[in-house]
Each structure stands twice: as C-alpha cells, then as structure tokens.
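Welcome, and thanks for taking a look at this one with us. Please have the sequence and the model open side by side as you read.

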Amino acid sequence: MTTAVKVRGLTKRYGDVQAVGGIDLDIRAGEVFAILGPNGAGKSTTVEILEGYRKRDAGEVSVLGTDPGRPTREWRSRVGVVLQTANDVAEATVRETVRHFAGYYPNAQDPDRVIEQVGLAEKAGKRIRELSGGQRRRVDVALGVIGSPELLFLDEPTTGFDPEARRQFWELIQGLAHQGTTIVLTTHYLDEAEALADRVAVIAKGRIVAEGEPSTLGGRATARATVRWSGGAVETDTPTETVLELTRRFDGEIPELTVTRPSLEDVYLRLIEG
Amino acid sequence: MTQTIAPPAAPAAPAKLPSAFRLSLSRAAIETRMFFREKDAVIFTFSFPIILLVIFGSIFAAELEGTGLNVSQLYVAGLIGSATMTGFQNLGIGISMDRDDGTLKRLAGTPMPRTAYFAGKALNTLLVSSVQVAVLLAIGVAMFELELPSTVSSWLTFTWVFVLGVLGSSLLGIAVSSLPRSGKSASAVIAMPFVVLQFISGVFIPIDQLPEWLTRIASFFPLKWMCQGFRAVFLGDDGATLELAGSYELDRVALILGAWVIGGLVLCLTTFRWKGRRDG
C-alpha cells in the first residue's frame with residue numbers, strides 16, 4: 001500500500017500565532033482520512049498547505065510524491081479540491097460549468113456522467129444561481145472530481161445541509177472512495193467522520209492530539225462503560241457483571257437499561273480540552 | 001478500506017495537459033457568455049456611453065470657432081476614449097468580485113494556467129470595448145455629423161490607440177482589482193477614480209477649458225492620451241489648433257500608452273492577489 005500524503009514536522013506561524021506547531025501525518029492511498037478539530041486549531045491551515053494554497057514555514061510535505069509548496073500543472077491535474085464556500089459561476093449552467101472545467105484536465109471524465117454521479121442530471125441545464133445550497137455543493141464536488149483525481153480534498157463539505165441531503169452526500173463520497181479515490185476530509189460533524197472515515201486525526205492548538213480509527217479513537221473501545229437503569233447509574237470496567245447483578249436484583253427485566261461507552265463526541269471534546 | 005483499487009479512468013499513458021492558448025480561448029468564451037447573461041449589467045454597460053453622447057452632443061451643439069467642427073464631434077472622440085478604458089472599470093470590479101466569491105481560489109486549485117485567466121479577461125474586454133466603440137461611431141455618424149476617417153493612416157492611428165488603450169487600461173484594471181477590501185466595495189472604489197479621470201482628461205469637458213494643474217495631473221494617466229489620439233483620428237488637422245500643444249503629439253501618445261502597458265504589466269505581476277484579504 002502506497003502513501004498519498006506524508007507530512008513531517010510541519011509548522012506555520014502567522015505573526016505571533018503558531019497556527020501549526022509540528023504535525024506528522026501519513027495518509028495511505030485509497031483511504032478516507034478525516035481531520036477533526038475546533039475552529040482555529042490549525043486544521044484549515046494544514047489542509048491548505050497540502051492543497052498547495054499556502055506556504056509552510058518548516059517541515060517536509062509530500063502529496064502524491066510532490067512538494068505542494070511548488071505546485072505544477074501536472075500535479076494539480078491529479079489533485080481535486082472542494083473548498084469551503086464558493087458562490088462563483090452563478091450565471092453559467094451546471095453542464096456548461098462542468099464541461100468548461102473538464103477542459104482544464106488531461107484525463108477528464110465525461111461531464112454528463114459526473115453530473116449524473118453527483119445526482120444533478122435533472123438540474124444539468126439550470127443556472128447555478130438557481131440551485132439550493134446542497135445542490136451547489138454537489139456542483140463543487142463534480143468540479144473537484146471531473147479531472148479524475150487520485151486524491152480529493154473536501155473542506156467541511158456538508159456544513160448547512162439538512163439531514164437528508166447530508167445522508168445523500170455521504171453516499172456520494174462513499175461511492176468515490178469505493179472507486180479508489182483517496183479522500184481527505186475536514187469536518188465539524190463527528191457522525192460524519194464516523195460514517196465516512198477509515199481513520200481520523202484530531203488537531204488541537206496546532207498539534208495532532210489523537211489519531212486512529214473512529215471506533216477506537218482515544219481508547220474509546222476500552223474506556224469505562226456507564227450502566228444506567230431506572231433508579232441508578234454506575235461507571236465500571238466490567239459492565240457485563242453489573243448487568244448480571246442487576247438482573248438478579250430485579251429478578252428478570254431491568255427497567256430502562258442502557259450500557260454506553262463514550263461517544264466519538266465525548267472523546268473528541270475531552271481531547272480538544274486537554 | 002484494505003485493498004487498493006485503481007483510481008477512476010486512470011490513464012494508460014500520461015496524457016498531455018491542454019495548451020494555454022486553447023484554455024485562454026475557452027476562458028474568453030465562458031467569460032463572454034457569463035457577461036452577456038447578466039442582462040441588466042449588459043444593458044447599462046452599453047447604454048451608458050450612448051446616453052452620455054446623446055445628452056452631451058445635444059446640449060453642446062455649438063460650432064468650435066475657426067475650425068468648422070462642432071462640440072458634439074469632440075464628445076464622440078472623448079467618449080470613444082472612455083469606452084476604450086471600460087476595461088479598467090470592468091476588470092477592476094469583476095476581478096474583485098471573482099476574488100470575493102471564490103472564483104479565483106477555485107481556479108488556482110485547478111491545472112488551468114494562470115495566464116489563461118488573464119487572457120480570457122483581456123479578450124472579453126477587447127470584445128466589449130469594440131462593440132461600445134462601434135455603437136458610438138454609428139451614433140456619431142448618424143446624429144452628430146461625425147465623419148469617419150478616410151485615409152489608411154488615420155485608421156492605423158485609430159487601431160494602435162485603441163489596442164494600446166484597451167491593453168493598458170485592462171492591465172491597470174487587473175492591478176487595481178487588488179485594492180478594494182471586498183467585492184462589495186469594489187464598484188465604489190474603482191468607479192470613483194474612473195469618473196474623476198473622465199472629467200480631467202477631456203471626455204466631458206474640453207481639455208482647453210481645464211485649469212493647468214488638472215491637465216498636468218491628467219497627463220500622468222492614459223485616458224487623456226487616448227482621447228487625444230482619437231481626436232487626431234476624428235477631428236483631423238482642423239482640430240489640432242484646439243490642442244494645448246497646438247498639435248496632437250501622436251509620438252507622446254504612443255510613448256505614454258506604451259509605458260502604461262509595460263507599467264500595468266509590472267504592477268499586475270508584482271501585486272496581484274489570488275486570495276481575498278480574509279483568506280490571509
């Protein structure tokens with residue numbers, strides 16, 4: 001398995017503010033990697049350095065084997081970028097825009113197929129100005145993938161979506177991942193990271209404070225469990241034993257029984273406060 | 001995901017990047033298409049100089065003493081000058097908006113060569129200015145006794161003044177697009193100097209009626225020289241006596257417009273921002 005993104009000792013400072021204070025990252029080809037972190041943690045700065053938008057102060061960065069600090073057209077044609085907000089090309093139609101952008105790439109996909117893939121086939125003739133927020137975001141993704149990128153960056157792709165639109169968007173991203181596209185995603189939504197990502201990294205105060213699979217992040221799977229029932233709650237390392245004991249006490253069904261381990265959100269909040 | 005699958009449509013052999021020339025034309029086509037879709041902007045862009053010409057030409061129809069020319073002909077020449085400078089305003093505002101609404105950032109993330117963006121804007125400007133000038137000429141001829149030049153050398157002068165003028169003001173427009181803090185403030189920031197320049201460069205007010213210190217300021221900017229060049233074309237030798245210098249100084253016109261093309265290019269290359277101020 002090859003490495004798509006390799007970062008060692010990355011730092012970036014704006015005036016007095018150390019935005020990124022020494023980050024190491026390895027993102028494997030073909031995986032979906034989520035970067036989590038509060039606003040101002042250095043998440044966007046890191047991603048923008050990887051995308052070739054910003055210069056770094058120090059450290060080694062390799063994206064698809066190239067230093068993004070010196071982006072070439074050839075490299076750009078292998079990387080897709082979906083930015084946070086954009087309101088451009090409002091007067092062009094979806095099809096015109098996707099076709100136009102296809103012209104920039106040496107190995108562009110068929111524009112109509114991409115439009116269909118992002119679920120905009122019925123809106124292809126509409127001007128982008130007339131689309132809803134969620135539909136616009138699909139155009140952004142279409143423009144991000146039109147050049148058949150090996151690596152796709154998605155910056156907070158579902159902010160402002162309603163729950164249904166978000167689910168549909170997740171399916172779209174999962175479809176791309178299944179085709180083998182490496183995806184680097186930043187998000188504020190922990191359920192999104194949990195649903196999409198093979199691995200996540202949590203950035204706080206310019207450093208990576210935890211990295212791993214969503215299900216085991218921060219020792220989540222082995223953390224103490226909380227057993228709750230009507231009339232009480234205990235935190236314990238041996239929840240099964242507690243439940244057995246309760247079964248005996250209630251002589252059968254335990255009223256309102258739940259056994260929980262910390263959610264990704266609990267772990268995340270503990271990590272970024274620490 | 002544990003197994004690696006080939007990326008979609010992976011190239012068998014590395015395909016060639018599309019040429020910068022082809023993409024310049026492609027940018028020009030989409031810019032032009034988008035320009036003509038903003039119907040309200042199109043109507044006002046084209047009707048503004050026409051309405052000014054009709055108003056000024058009708059109010060000041062008097063004959064210019066001892067020349068056999070009338071004031072409205074002077075306005076045609078002046079307004080053609082300002083139509084040639086439309087690129088300053090259109091690009092200054094248009095690029096500020098492109099920077100603000102994410103167009104520039106999105107393009108910077110694609111393999112589009114950056115020159116294609118500027119070439120597309122320049123070609124679009126050349127087209128818009130040409131249409132404006134053609135309409136002004138038609139109205140001048142139809143309503144205000146404007147005579148189209150009859151010699152090849154006059155048309156040559158017209159061509160080089162127009163091309164240098166459009167190029168210089170487009171480059172200047174690209175350079176000033178970095179000044180406004182946001183797309184919203186762009187029209188105010190950029191329209192103001194353009195209106196002022198029109199007043200002091202001999203578009204609305206004949207240049208010989210301006211105080212000397214104002215014409216001296218105007219001499220630093222291209223518009224005065226563009227108008228002077230167009231007066232040489234449309235007023236001919238009869239009008240030369242009205243010039244401050246007693247002649248049209250075509251050599252100086254060429255020199256100063258050429259200097260603005262080079263200066264504008266240097267300004268663009270050194271100051272252009274692909275990112276908005278809020279993007280750091």
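Here is a short briefing, grouped by topic.

This is a predicted model, in which local features need pLDDT of at least 70 and side-chain atom pairs count only at pLDDT 80 or more, while totals for chains, interfaces and linings use all residues. Residues are numbered from 1 along each chain as its sequence is written, chains are lettered from A and ligands numbered from 1 in the order in which they are written, and side-chain values use heavy atoms, with hydrogens and water left out.

**The two chains**

- Chain A holds nine helices and twelve strands, where helices (H or I, at least four residues) and strands (E, at least two) are DSSP runs numbered from the N terminus.
- Chain B has twelve helices and two strands, and its order along the sequence reads α-α-β-β-α-α-α-α-α-α-α-α-α-α.
- In chain A, 53% of the 274 residues are buried; in chain B, 52% of the 280 residues are. Buried means under 20% relative accessible area, exposed over 50%, and partly exposed in between (1.4 Å probe, protein chains only).

**Contacts, surface and charge**

- Taking contacts between residues at least 6 apart in sequence, 66% of those in chain A join residues at least 24 apart, and for chain B the share is 78%. A contact here means heavy atoms within 4.5 Å.
- The accessible surface of chain A is about 12,200 Å², with 46% belonging to carbon and sulfur atoms. Chain B exposes about 13,200 Å², and carbon and sulfur atoms supply 67% of that area. These areas come from the Shrake-Rupley method with a 1.4 Å probe; for residues, only the protein chains shown count as cover.
- Chain A has 35 positive and 41 negative charges, whose mean positions are 5 Å apart. In chain B, the mean positions of 21 positive and 18 negative charges are 21 Å apart.
- For these counts, Lys and Arg are positive and Asp and Glu negative, with His and the chain ends not counted. Each charge is placed at NZ of Lys, CZ of Arg, CG of Asp or CD of Glu.

**A covered strand in chain A**

- Strand E6 (residues 151–155) of chain A is mostly covered, with five of its five residues buried.
- One side of E6(A) carries A:Leu151, A:Phe153 and A:Asp155, the other A:Leu152 and A:Leu154, and both faces are covered.
- E6(A) runs parallel to strand E5 (residues 79–82) of chain A, joined by four bridges; A:Val79 stands opposite A:Leu151. Two strands pair if DSSP finds at least two bridges between them.
- E6(A) also runs parallel to strand E7 (residues 182–187) of chain A, through five bridges, and A:Phe153 has A:Val184 as its bridge partner.
- From E6(A) the chain passes through helix H6 (residues 163–178) of chain A to E7(A), in a right-handed β-α-β crossover. Right-handed means that, with the strands pointing away from the viewer, the path from the first strand over the helix to the second runs clockwise.

**A hairpin and its neighbours**

- Strand E8 (residues 199–204) of chain A and E9(A) pair in the antiparallel sense over five bridges, with A:Val200 and A:Gly212 as bridge partners.
- A:Glu211 lies in strand E9 (residues 207–212) of chain A. Why does A:Glu211 count as partly exposed? Because its relative accessibility is 38%.
- Beyond its neighbours within four places in sequence, A:Glu211 has contacts that include A:Asp24, A:Phe33 and A:Arg199. Its C-alpha atom is 9.2 Å from that of A:Leu25, 186 residues away along the chain.

**Positive phi values**

- Most residues other than glycine have a negative phi.
- A:Lys205, in the hairpin of E8(A) and E9(A) with two residues between the strands, takes a positive phi near 50 degrees. A:Lys205 is exposed, at 63% relative accessible area.
- A:Asp251 has a positive phi near 55 degrees and sits in the loop between helix H8 (239–250) and strand E12 (258–260) of chain A. A:Asp251 counts as exposed because its relative accessibility is 70%.

**An exposed leucine in chain B**

- B:Leu255 is in helix H12 (residues 250–271) of chain B and counts as exposed, at 63% relative accessibility.
- From B:Leu255 to B:Phe158, 97 residues apart in sequence, the C-alpha to C-alpha separation is 15 Å.
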